[in-house]
Amino acid sequence: MTDVLLSPREKQFLRRLAAGKTDAEIASHLSGKAKQVAGQRTRLLAKLGISSSAEIADAAERLASWGTYRGVT
């Protein structure tokens, strides 16, 4: 996986994926629908070139960090 730039929304999304949130939980926090979240998940994981849960967690650690991060809700 190469380092890529992620938008703030993609960072939020990736952090929630790494935390094991369901599509419905992510959708409620990001003001969307579970079906939309499934599509976003597919596109983001393809963008990052990852597929396993371990890779998702690693990507979140490396790519979705920022100085004021206070955790996933």
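1. In α1, the residues R9, E10, F13, L14 and L17 meet V37, Q40, R41, L44, L45, K47 and L48 of α3; contact here means heavy atoms within 4.5 Å. Sorted by class, this contact has seven nonpolar, one polar and four charged residues. Nonpolar covers Ala, Val, Leu, Ile, Met, Phe, Trp, Tyr, Cys and Pro; charged covers Asp, Glu, Lys and Arg; the others, Gly among them, are polar.

2. The model is a predicted one, in which local features need pLDDT of at least 70 and side-chain atom pairs count only at pLDDT 80 or more, while totals for chains, interfaces and linings use all residues. Residues are numbered from 1 along each chain as its sequence is written, and side-chain values use heavy atoms, with hydrogens and water left out.

3. Two packed helices are described by the angle between their axes and the distance between the axes. For α1 and α3 the angle is about 100° and the axes are 11 Å apart. The axes are lines fitted to C-alpha atoms, for helices over the stretch in contact, and angles run from 0 to 180 degrees between N-to-C directions. This makes α1 roughly perpendicular to α3, a term for angles of 65 to 115 degrees.

4. Helices (H or I, at least four residues) and strands (E, at least two) are DSSP runs, numbered from the N terminus.

5. Helix α4 spans residues 53-63, and its buried residues are I56, A59, A60 and L63. Buried means under 20% relative accessible area and exposed over 50%, with partly exposed in between (1.4 Å probe, protein chains only). The face turned away from the buried side carries the exposed residues A54 and E61.

6. A60, in helix α4, has a relative accessible area of 2% and is therefore buried. A60 and L14 are 46 residues apart in sequence, yet 5.8 Å apart in space, C-alpha to C-alpha.

7. Of the 73 residues in the protein chain, 27% are buried. Among contacts between residues at least 6 apart in sequence, 68% join residues at least 24 apart. The accessible surface of the chain is about 4600 Å², with 51% belonging to carbon and sulfur atoms; areas come from the Shrake-Rupley method with a 1.4 Å probe, and for residues only the protein chains shown count as cover.

Conventions
Parallel < 35°, antiparallel > 145°, perpendicular 65-115°, else oblique.
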